[in-house]
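Please walk me through this protein model, starting with the overall make-up and ending with single residues.

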Amino acid sequence: MIEILLVDDESYVTESLAQTIPWKELQIECVYQADSAAKALAVLEEQSVDIVVTDIRMPVMDGLRLIEAIAKRWPHIRCILLTGHSDFDYAKRAIQLQAFDYILKPVVDAEFIASVANAIESLRDEWSEAEKYHRLLHSRKSDITVLRSSLLHDLLLGRKLLNKTITEKAEQYEIKLKVDEFAVMMLIQMGHYFRAMDHHSVALMEFAVGNIAEEVFGGAFEVWHGRAPHDCLALIAQMKEEPHRTIRKRKDYESARRALLEEHAHVLQKHVSNYLKGEISLVITDWFAFPEELPGAYRAGLGAMLLHADEERTVTFLEDRKANAAAGETPSIKSVESLYKPPTLIHLLESKQWDAARVKIEDVMSDLGKARAPRELLYEVFLSVTNAFMYMAHKQGLFIAEIDQAGVDFLLDQNMVHSTDKLRNWSLGMLEKLKAELSAGERYAKSYIVKQVQEIVTGELGRDISVKAIADRVYLHPVYLSKMYKAETGESLGDYIIRMRMDRAHYLLKHTNKKIYEITNELGYQNPQYFSKMFKKFYGMTPNEFRD
């Protein structure tokens, strides 16, 4: 709804305009009048005015001073000056004050209507651009959230990336952690109150807990948080320079650093309890080199979390568990250590060396059985193997539950670690299911990517979509994506984007009364002339000719 204010100390002028101009045809819903600048400002305080038409010559405050005041307080308002004086100085001053237009008295209706119509079109263009900007801003934030989550999953599950690549991605995704510096990780498990909620509510609660954690720890730490693959939250933290410099001077440096973490952890628990009415437990890992030692820290943290899955509102430091276990050390099993040495299980699965992967798993399970390994070591192997399986499933755009129909809850279902035999049978069974899925999935994977691409294009025609932007969304190189898409569909991706836009344009022109420039904006084109050219190339006529 557009609203206009007419200002003139000669009230018959505004009365005449209010009565004679076809405001409804201009899509103006409300017409206000004022006979002084002071009254005009009072109206502007109360109403959502979009256009002001004001006389220049008025007592006390003239029209030039009025539009100057409007420009400072309401810069979005379009101001049109009305005067009986054809004076260049007025016009020059009006231009300096960025008046939208300048009309001489006596007013010619056609000229007045044209000026107001141009102001309305200018407003609509600005609104459209603002809406598009906010849509793109929201989309960018959503995209960054997805990309940050994907990177976090890959690193936690053991994917090896060059430090240069991680640094570049961290900068792109607004992650402030630094490569090759020490970090600590906190795994946050939601309590029974949260776990009783439906999936959507749990996701909202996790989002809220993550935001609270970022606020609590953000004063002393650079943090990166997100949902971890094993149904918990992960928060990775590095100390900021100033608090780190202060603590480093102390003789009890490590104790002070731990105390700072513990203090923040308890504050987080308190805030979650107060604001979200539920409890959380935290497992805090040892400090590690980021990102090289991140997967090992994640596995160790998960192992402790699994052992304390039913506890509420606890803060567990892994260093305490190690000290308590010192009396009865976990036996060292070489084949378990081989899980982390090249070629790792993830590498064997990625390169489809299924037999070598089976041998590695069987060797580990055989040694575990001979050594009568304690449950804690079974947890470690279980997590290492499931990490590899989850990473491969994630890479194919699948969830592990889609491959394993039995559906294992990795935090709550501890059945797999009751015995080596159960762990062996599940691991080898999952390996066969994964092999079958991926072997048959080469074709499926490409079809899945094509489907993803088509959903992105059809769902976001109004955005400035490009092959590169789409390739980033599906984690492929633009050249590879273009070749693969054409090989699968027989049509280039660029041609598909144009065809979908033209199909949409065809529908909008035929079934709606939207103006050409509105359709241009809706389809993500910046230039109506370019849109018209593309439409003519596609259908053999311009949009106007087609509509006629």
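The text below goes from the whole chain to a sheet, its helices and some individual residues.

This is a predicted model, in which local features need pLDDT of at least 70 and side-chain atom pairs count only at pLDDT 80 or more, while totals for chains, interfaces and linings use all residues. Residues are numbered from 1 along each chain as its sequence is written, and side-chain values use heavy atoms, with hydrogens and water left out.

The protein chain contains 25 helices and eleven strands. Helices (H or I, at least four residues) and strands (E, at least two) are DSSP runs, numbered from the N terminus. The chain has 548 residues, of which 44% count as buried; buried means under 20% relative accessible area, exposed over 50%, and partly exposed in between, with a 1.4 Å probe and protein chains only.

Five of the strands make up an open sheet with parallel pairing, in the order 2-1-3-4-5. Strand 2 (28–34) and strand 5 (101–104) are at the edges with a single partner strand each, so one side of each has no neighbour in the sheet. On average, neighbouring strands here are turned by 20 degrees against each other, direction ignored. Two strands are said to pair if DSSP finds at least two bridges between them. Strand 1, residues 2–7, pairs with strand 2 in the parallel sense over six bridges. Within this pair, Leu-5 stands opposite Tyr-32 of strand 2.

How many residues of strand 1 are buried? Six of the six are, so strand 1 is largely enclosed by the rest of the structure. Both of its faces are covered, with Ile-2, Ile-4 and Leu-6 buried on one side and Glu-3, Leu-5 and Val-7 buried on the other.

Helix 1, residues 11–20, lies across strand 1, strand 2 and strand 4 (78–83), and runs at about 170 degrees to strand 2. Helix 2, residues 37–46, also packs on the sheet, where it touches strand 1, strand 2 and strand 3 (51–55). The direction of helix 2 makes about 165 degrees with that of strand 1. For these angles, axes are lines fitted to C-alpha atoms, for helices over the stretch in contact, and the angles run from 0 to 180 degrees between N-to-C directions.

Two packed helices are described by the angle between their axes and the distance between the axes. For helix 2 and helix 3 (residues 63–73), the axes come within 10 Å and cross at roughly 20 degrees. That makes helix 2 roughly parallel to helix 3; angles under 35 degrees count as roughly parallel, over 145 as roughly antiparallel, 65 to 115 as roughly perpendicular and the rest as oblique. The crossing of the two helices is right-handed, a term used if the near helix is turned clockwise from the far one by less than a right angle, with left-handed used if it is turned anticlockwise. Helix 2 contributes Ala-37, Ala-40, Leu-41, Leu-44 and Glu-45 to the contact, and helix 3 contributes Leu-66, Ile-70 and Arg-73. These residues divide into six nonpolar, no polar and two charged; Ala, Val, Leu, Ile, Met, Phe, Trp, Tyr, Cys and Pro count as nonpolar, Asp, Glu, Lys and Arg as charged, and the others, Gly among them, as polar.

Gln-27, in the loop between helix 1 and strand 2, has phi near 65 degrees and is partly exposed at 45% relative accessible area. Val-60, in the loop between strand 3 and helix 3, has phi near 65 degrees and is exposed at 81%.

Some positions elsewhere in the chain complete the account. Ser-150 belongs to helix 5 (residues 109–156) and counts as buried at 9% relative accessibility. Beyond its neighbours within four places in sequence, Ser-150 is in contact with His-394 and Tyr-475. Phe-290 and Pro-291 are joined by a cis peptide bond, with omega about 5 degrees; Pro-291 lies in the loop between strand 10 (288–290) and helix 11 (294–307).

Is Glu-460 buried or exposed? Glu-460 is buried, with a relative accessible area of 18%, and sits in the loop between helix 19 (441–459) and helix 20 (467–473). Neighbours within four places aside, Glu-460 is in contact with Ile-465 and Arg-473. From C-alpha to C-alpha, Glu-460 and Gly-524 are 8.9 Å apart in space and 64 residues apart in sequence.

Definitions and conventions
Contact means heavy atoms within 4.5 Å.
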